Each structure stands twice: as structure tokens, then as C-alpha cells.
Amino acid sequence: MNCELCRKELEAYREGKLSEGTNLELKKHLDSCPECATVLHGEAMMDQIISHEKTVLSNPFLSTRVMAEIEKTETPIPIPSWQRALKPVMVMASIAAAITIGVISGNLYYKPVSEKIPVELAYMDDATMELVNYLSND
């Protein structure tokens, strides 16, 4: 038996699924080939580690501690009455301050028109003006 065929059959060998003749051939090869024996030993160790990981028991008090922490965080923190009364006052004061700042900054950049509107423009009635189309020759 060669190493490639041996390594293909190692899992079946460990599980005991090989026939009697193939099992003996594989055992002879493993006795004579240290590389294949090392691979078999490594796979057996991996199986032991995996089976140990599957059997690790969880801490029975873990869920109790987690639930206690959740209940601690769900308990509302009491807000003093002076803070509850001060909050709407502060909101209104900040809105009033924003409006005041907006009006002041708008007035800083406003330049009043120093020219007076001609009297002719004040008496002009755009609704009664004739259309330019009536003046054309077409």
C-alpha cells in the first residue's frame, strides 16, 4: 500500500469501517511509514480536541447574571423636578435666541435704498398697458 492510498483510508480506519484485509494492510503500512503514522496521530488528536470542545459545559449562573445586568440597565434613572421644569424653558430660550441672532445678522447686511421711486412709476398700471403685439404690423 502506498502513502496516498493510506491517507485516503485513514478516516475509515479510525472509525473501524474497513474490511479485515484492508485493515491489516493499512496497519502494516502505518508500522513501516512514520509519516503516515504521524498523520494518523494528528487526526486522532484533532478528534479528541473536537469531542472535548463539544462536551464543555456552560456556567449555569451565566444567564442569571446576564438577566440581572439587563434589569439593572432597564431601571429608569429618576430626573429631578427642577430639571423637568427647566428643560422647556431652555428650549424656548434657545429658539428665541436663534430668532434674535437671525434678525440681527439680517439687519447688519441690509442696505436701505436711498433713491426715491419716480412718481411716474407709482402711477403706472401694468394691467391696462397695451401688448406689444398690438403695435406690430402683422
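What is the mean pLDDT of the chain, and what share of its residues reach 70 or more? The mean is 82, and 84% of the residues reach that value. Keep in mind, as you look through these views, that this is a predicted model.

**View 1. Helix α1 bends around Glu-9.** Let's follow this helix from residue 3 to residue 15, 13 residues in total. From first C-alpha to last, α1 reaches 19 Å, close to the 18 Å expected at 1.5 Å a residue. Just past the end of α1 sits Gly-16, which takes a positive phi of about 75°.

**View 2. Three residues of α1 are buried: Cys-6, Leu-10 and Ala-12.** What covers them? Their cover includes helix α2, residues 20–32, and helix α3, residues 34–55.

**View 3. Helices α2 and α3 cross at roughly 105°.** Two packed helices are described by the angle and the distance between their axes. Here the axes of α2 and α3 come within 5 Å. Because angles of 65 to 115 degrees count as roughly perpendicular, α2 is roughly perpendicular to α3.

**View 4. Side by side, α2 and α3 meet through a set of named residues.** On α2, look for His-29, Leu-30 and Ser-32. They meet Pro-34, Cys-36, Ala-37 and Leu-40 of α3.

Methods
Residues numbered from 1 in each chain as written. Predicted model: local features only at pLDDT ≥ 70, side-chain atom pairs only at ≥ 80, totals over all residues. Heavy atoms only, no water. Helix = DSSP H or I, 4+ residues; strand = E, 2+ residues; numbered from the N terminus. Expected span 1.5 Å × (residues − 1). Bend = angle between axes of the 7 residues up to and from the residue. Buried < 20%, exposed > 50% of the residue type's maximum accessible area, 1.4 Å probe, protein only. Contact = heavy atoms within 4.5 Å. pLDDT = per-residue confidence, 0-100. Axes fitted to C-alpha atoms, helices over the stretch in contact; angles between N-to-C directions. Parallel < 35°, antiparallel > 145°, perpendicular 65-115°, else oblique.
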